[in-house]
Structures are given as C-alpha cells and as structure tokens.
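Me: I'm new to this structure and would like to learn how to read it. Could you take me through it feature by feature?

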Amino acid sequence: MSSSTSPAAVTSGGSAGRTAGQSDLIGARLPKWALPVAAAGAVAVALGLKLLFDWSGWYTAFFTAAAAFVVILTSWSFSVEGRRRAKDRFASTLVYACFVAAIVPLALILGYIAVKGIGVFSADFFLRSMNGVTSRDEGGGLYHALIGTLEIVGIAAVIALPIGIFTAIYLVEYGRGHFARAVTFFVDVMTGVPSIVAGLFVYTFLLLGFGMRPFGAAGAIALAILMVPVSVRASEEMLKLVPRDLREASYALGVPKWRTIVKVVLPTAMSGLITSALLAIARVAGETAPLILLVGYTASINFDPFSGDQATLPMLVWDQLGKRSGTASTALTEGRAWGAALALVLLVLILNVGARLLARLARPKTR
Amino acid sequence: MAKRIDVEDVNVFYSDFLAVEGASINIAPLTVTAFIGPSGCGKSTFLRILNRMHEVIPGGRVSGKVLLDGENLYGPGVDPVNVRRTVGMVFQKANPFPTMSIYDNVIAGYKIAGTRKSKNEMDDIVERSLKGANLWEEVKQRLNRPGAGLSGGQQQRLCIARAIAVEPSVLLMDEPCSALDPISTQAIEDLISELKSRYTIVIVTHNMQQAARVSDRTAFFNLAGVGQPGRLIEYDDTAKIFSNPTKKSTEDYISGRFG
C-alpha cells in the first residue's frame with residue numbers, strides 16, 4: 001500500500017500529526033498522558049484566575065477548571081487528531097461530566113448518612129423502642145419503627161403487587177382496544193399522584209368517613225395506591241420481553257391461553273417480575289406524608305397494624321427532629337434521627353440485594 | 001392416527017387485507033406435502049390456518065372450510081385448543097421453553113396442559129418421542145439439563161420431539177431447517193422420511209431442492225402482483241412439478257427465473 005503519495009486525500013483536520021511515510025489508514029492520536037496534562041492545565045488556569053481576580057470561595061474556580069478542561073482537551077484534540085475525534089472527545093467529556101454530576105450527590109448523601117448514623121448503631125438501638133425516652137435521654141431505639149415499617153410496607157406489597165401483576169398480564173396478553181388504552185392512560189396518570197394526595201384520599205375515606213382512628217393498615221392502603229402504577233408499568237415491560245414465539249410454541253401444543261401464561265410466560269419473566277416488585281417497594285418504603293395522616297406515631301411498640309398508632313422509620317426521623325411536638329432537636333435526638341435514616345437506607349439496600357439474588361436464581365438457565 | 005386434510009375454497013385475512021385467496025387442496029394421510037413459493041406469497045399463512053394458529057394474530061380470520069378426516073376445523077363450537085392438540089406444529093426458529101429441562105420440554109404438551117400422567121408414563125413418552133426425533137442417544141444422559149443448552153439442530157429436534165409427544169395426527173413444519181447448517185438439515189430431512197410412516201406431514205420450505213428430496217407432493221403458491229393476495233397455483237406429485245409442471249409460473253419459479 002503506497003503511503004507517500006496522497007496526504008491531501010486524508011479526512012483528518014490536520015496533517016500535523018502524520019509523519020511522512022505513514023499509511024492513509026492510520027490517524028494521529030493524542031498521547032496517553034494527554035488527559036492528566038489537560039486536567040492539570042485546567043486546574044492551573046482556574047487557580048491562576050482565582051488569584052488574579054481574587055475570587056472568594058471555590059465554586060467559581062471549580063466550574064472554571066471544568067470549562068477550561070473541556071476547552072483545552074477539545075482544542076488540543078482538534079489540532080492533533082482532527083475534527084471527528086475532537087467532537088468525540090467533547091461529547092465523551094460531557095457524558096462523563098454528567099455521570100459525575102449525577103453520582104456525586106448520591107455518594108455524598110449516602111456517605112453523609114452513613115457517617116452520621118453509624119455512631120448511634122448498637123444492639124440496643126435495634127432492640128429497644130423509644131418508650132419513655134425523652135429528648136434529653138440517651139438510649140432508646142428504633143425497634144418499634146422497624147416493626148411498623150416492615151408491617152406497613154409488607155401489607156402494601158401484598159395489596160399492590162398482585163393488582164400490579166394481574167393488570168400487567170391483562171394489558172400484555174388480553175387487552176385490545178379502548179378499555180386497555182384507558183387502563184394504560186390512568187395507570188400513567190396514577191404514577192404522578194403525590195403521596196400526600198394518596199394519603200388524603202384514604203384519610204377522607206377511612207378515617208373521616210368511617211370515623212376511625214389512625215392505624216397502620218390505613219397507611220399501607222395509601223402506599224399501595226402509590227405502588228400499583230410502578231408495579232404495573234415495570235411488570236408490563238418485563239412481560240413484553242418474553243418472546244412471542246414461546247407463547248406460540250405453547251399454543252401449538254394445544255395448551256389453553258391461561259395455562260400458557262401461568263406455566264410459560266410468568267416463569268420466563270419471573271426474574272424481571274421480582275426486580276419490578278422491588279422497584280415498587282423501594283418507591284414507597286420512605287414515603288412519609290401518608291403516614292403522617294394515617295398512621296400517626298407512637299413511642300412504644302405496637303404489633304397490630306389494624307388498631308392504634310404505629311411507629312415507622314420515616315416518622316421516627318420526623319419525630320426525633322422535633323417536628324411532631326414542635327420542640328427543638330438536641331444532639332441526642334439528631335443522632336437517633338440519622339440512625340433511623342441510615343436504617344431505612346440499609347433496609348432498602350438489603351431488599352435490593354435480596355431481590356437480585358432471588359432474580360438470579362429464577363433466571364432461565366442455559367447450562 | 002394420521003388423518004387426511006381437505007381444504008375447500010379458503011380465504012385468509014389479516015383484518016381487511018386478503019392474504020390468500022380461494023385456496024383448495026387435498027392432502028392424503030401418511031404423505032409429505034411441501035408448500036413452495038416466493039417470499040410473501042402466503043404459504044406460511046396458509047400453513048397456519050391448518051391448526052388454527054392464524055387467529056392468534058390480532059385480526060387474523062379465515063373463511064371457508066378445513067376438513068380433518070371430514071370434520072370441519074372451523075365449524076361452529078370447535079375449540080381451537082383441541083384442534084391444536086391434533087395438528088402439531090414445528091416453527092422456523094427452534095423455541096424450547098427456556099425455564100424447563102430437556103425432559104420437561106418434551107413432556108410440556110402434557111405437563112403445561114395439566115394432563116395427569118404417572119412418572120412411568122411420562123418417562124415412556126419422553127423416551128419414545130426423543131427416539132422418534134433421533135435425539136435420544138445424544139441427550140439421554142442429561143435429560144435434566146436446560147433445554148436451551150443444546151445446539152441449533154438439537155433444539156429443533158427437541159421441538160419436533162415435543163410436537164410428536166402429544167401424538168398428533170398431522171405435523172406441520174414451517175421452514176424447520178432454514179436456520180440450520182447442512183448437517184443438521186440432513187438429520188431433520190432423514191427424520192421427516194421416518195416420521196412420514198406415522199404422521200401426515202406438511203412442510204413449508206424456501207429450498208426447492210429440499211422440497212424435491214423430502215416430499216411426495218408439492219404445492220406451488222404465488223402472488224399475482226404486489227399487494228395482491230396469494231393463490232395456490234399448482235399442486236401435483238413432486239416429480240411432475242419439478243420436471244414437467246403445467247403452469248408457466250411454476251416452471252419459471254423452479255427454474256429460478258424469479259423468486
């Protein structure tokens with residue numbers, strides 16, 4: 001392949017990076033140390049400007065450094081590698097920047113909660129309730145709130161997940177025409193219902209309408225209302241992923257439709273359905289507004305979700321910050337609040353991991 | 001036992017679109033019939049009406065009669081599920097159930113349908129069907145392994161075993177070898193020659209040489225033009241179709257002038 005004849009035919013923006021004798025197929029690349037050097041240069045520029053213009057604080061400097069990095073890297077790439085690669089680097093940098101921007105707050109939140117909450121963790125913290133513990137006392141725990149959250153979210157799941165899965169089965173396997181379209185539309189609308197509205201609905205209906213006092217299952221009903229649309233949507237997507245020729249194979253054997261769904265479609269989609277169930281649970285595990293209206297709060301342990309106030313983890317946070325009684329929080333109560341918040345995060349995390357393990361076990365195997 | 005099929009003046013629709021027009025055919029029991037024709041001419045559609053799979057597609061409907069040993073499959077009160085137990089089907093792309101083992105795949109026609117069988121009966125059925133599909137020797141040591149872990153040709157034979165396990169009277173095959181390599185194709189063609197002593201077989205194929213090798217009689221389908229419905233052009237003994245066809249379009253197709 002002749003390599004010395006046609007530098008003009010090359011598409012790259014500059015022939016500066018190509019030495020004589022290089023083939024047309026090889027494009028110039030930036031050296032491997034280009035990225036760190038560009039970053040260092042950007043930081044230097046930002047620091048220089050900071051000193052020059054006497055900026056107080058670091059935010060302007062940070063964003064200047066970021067902008068300078070993009071400019072330096074892209075223009076350097078343009079001169080060496082050409083227009084196409086420069087555009088690629090520009091887009092890649094933006095994508096990575098967005099990723100970092102999304103991850104950093106999450107990491108900060110998780111880190112902060114962990115650091116603040118871990119100090120208060122102890123065996124006692126998980127086994128005691130707040131009965132008799134005032135804002136000036138040490139000790140106390142979240143046992144009552146943990147029970148409450150587990151029971152209420154559990155009841156909500158028992159109500160919402162079957163409704164969600166059956167609706168998804170209807171929409172995917174049976175629904176045609178106007179009714180199915182209406183169902184899809186209303187499910188989409190329900191996804192946006194604010195949690196306080198769901199709580200208010202159940203409050204007006206049950207507590208005001210029947211004159212009942214707050215109890216745990218009422219909160220579970222409101223949470224179920226919030227869970228159903230998430231469960232329907234996610235389950236629907238998982239069922240749609242089952243290939244059509246599996247259903248046809250089953251029909252061709254003379255298997256009725258409902259048995260095909262139960263014995264072929266659902267088992268094939270099972271790992272996805274488990275993940276959807278978890279998504280729905282995670283959506284509501286921390287919702288506080290319905291619980292304020294419907295479940296109330298108590299400092300002592302209540303195992304019965306059908307009568308009397310129950311404590312829940314979000315409400316424990318709220319209570320410990322003094323909002324329920326209108327008092328100020330102390331270092332002790334704040335510590336417990338962080339502990340409860342960390343416990344809630346860990347609970348969702350454990351559910352997550354557990355569900356993924358289950359999903360992996362349920363996945364169709366190929367070996 | 002193997003039955004004869006008589007189709008009388010059938011029109012096949014997708015909602016309002018007429019896909020196959022005025023097709024009539026008589027298929028004798030214990031024979032292999034091949035449907036050939038260019039892409040989109042309606043041969044797969046026509047195959048699917050023989051076991052009432054066409055109506056699974058939204059908007060699919062059929063007018064006319066399809067008689068299985070004289071009984072109209074589209075008669076009033078006929079349950080499509082029962083029809084499909086009598087007329088089995090093997091698809092183009094092998095589709096073993098991914099959540100089930102090889103054993104469960106073969107017995108699926110009974111297990112999923114909820115028909116109770118004792119363990120011994122099930123073992124017998126599995127062994128008989130896998131032997132009938134020429135797959136027994138290859139998998140008898142690993143019946144509990146997942147069905148999806150086999151090679152393409154083995155999966156297709158597994159699907160054939162699954163189809164014959166429910167002892168249908170007719171076996172429909174929709175381009176069963178088009179996704180397979182020549183060795184696996186040979187294995188399946190040999191299998192068809194054996195199966196024809198027990199079942200009536202109808203096979204749709206794109207491959208004319210395969211039709212010539214495997215079938216007793218051949219039906220040629222064609223489209224009159226773009227957007228026109230497909231029609232059955234000629235139906236005759238395979239030897240005659242491929243050496244001395246009556247219709248000009250048949251001759252053009254088999255000599256490769258189009259399609």
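Reply: Happy to. Keep in mind that this is a predicted model. Let's begin with chain A, which has 13 helices and zero strands. Read along the sequence, its pattern is α-α-α-α-α-α-α-α-α-α-α-α-α.

Me: Is chain A compact or spread out, going by its radius of gyration?

Reply: The idea is to set the radius of gyration beside what the globule rule gives for a chain of that length. For the 367 residues of chain A the rule gives 21 Å, but the radius is 29 Å, well over that, so the chain is more spread out than a compact globule. Along its principal axes, the C-alpha trace spans about 90 × 70 × 40 Å. Buried residues make up 35% of chain A.

Me: And what does chain B contain in the way of helices and strands?

Reply: Chain B has eleven helices and ten strands. Its radius of gyration is 18 Å, close to the 18 Å from the globule rule for 259 residues, so chain B is as compact as a globular protein of that length. Its C-alpha trace spans about 55 × 45 × 30 Å along the principal axes, and 47% of its residues count as buried.

Me: How do I read contacts along the sequence? What share of them in chain B links residues 24 or more positions apart?

Reply: Take the contacts with a separation of 6 or more, and ask what part of them joins residues 24 or more positions apart. In chain B that part is 69%. In chain A, it is 70%.

Me: Back to the helices of chain A. How far does H5(A) reach from its first C-alpha to its last?

Reply: You can compare the end-to-end reach with the span expected at 1.5 Å a residue. Helix H5(A), residues 143-174, has 32 residues and reaches 45 Å, close to the expected 46 Å. There is a bend in H5(A) too, of about 25 degrees at Ala157(A).

Me: What about H13(A): how far does that helix reach, and what does its buried part pack against?

Reply: H13(A) covers residues 331-362, which makes 32 residues, and its reach of 46 Å is close to the 46 Å expected. Its buried residues include Thr333(A), Arg336(A), Trp338(A) and Leu344(A). The buried residues of H13(A) pack against H3, H4, H5 and H12 of chain A.

Me: Now a strand. Which way do the side chains of E9(B) point?

Reply: In a regular strand, side chains alternate between the two faces of the sheet. In E9(B), Arg217(B), Ala219(B), Phe221(B) and Leu223(B) point one way, while Thr218(B), Phe220(B) and Asn222(B) point the other way. Both sets are buried, so seven of the seven residues in this strand, 217-223, are buried by the cut-off of 20 or more other C-beta atoms within 10 Å.

Me: Which strands are joined to E9(B), and do they run parallel or antiparallel?

Reply: E3(B), residues 32-36, runs parallel to E9(B), with four bridges joining them. On that side, Phe35(B) stands opposite Ala219(B). E10(B), residues 230-237, runs antiparallel to E9(B), and seven bridges join the two. There, Phe220(B) has Glu234(B) as its bridge partner. E9(B) and E10(B) form a hairpin with six residues between them, and Gly227(B) in the turn has a positive phi of about 80 degrees.

Me: Last one: how many residues does each chain give to the contact?

Reply: Chain A gives 21 residues and chain B gives 26. On the side of chain A, the elements that give two or more residues are H9(A) and H10(A). The largest share, seven residues, comes from H9(A). By class, that side of chain A has ten nonpolar, four polar and seven charged residues.

Notes
Residues numbered from 1 in each chain as written. Chains lettered and ligands numbered in written order. Buried ≥ 20, exposed ≤ 12 C-beta atoms within 10 Å, placed from the backbone. Pairing = 2+ DSSP bridges. Expected span 1.5 Å × (residues − 1). Bend = angle between axes of the 7 residues up to and from the residue. Contact = placed C-beta atoms within 7 Å. Nonpolar A, V, L, I, M, F, W, Y, C, P; charged D, E, K, R; others polar. Rg over C-alpha atoms; globule rule 2.2 N^0.38 Å.
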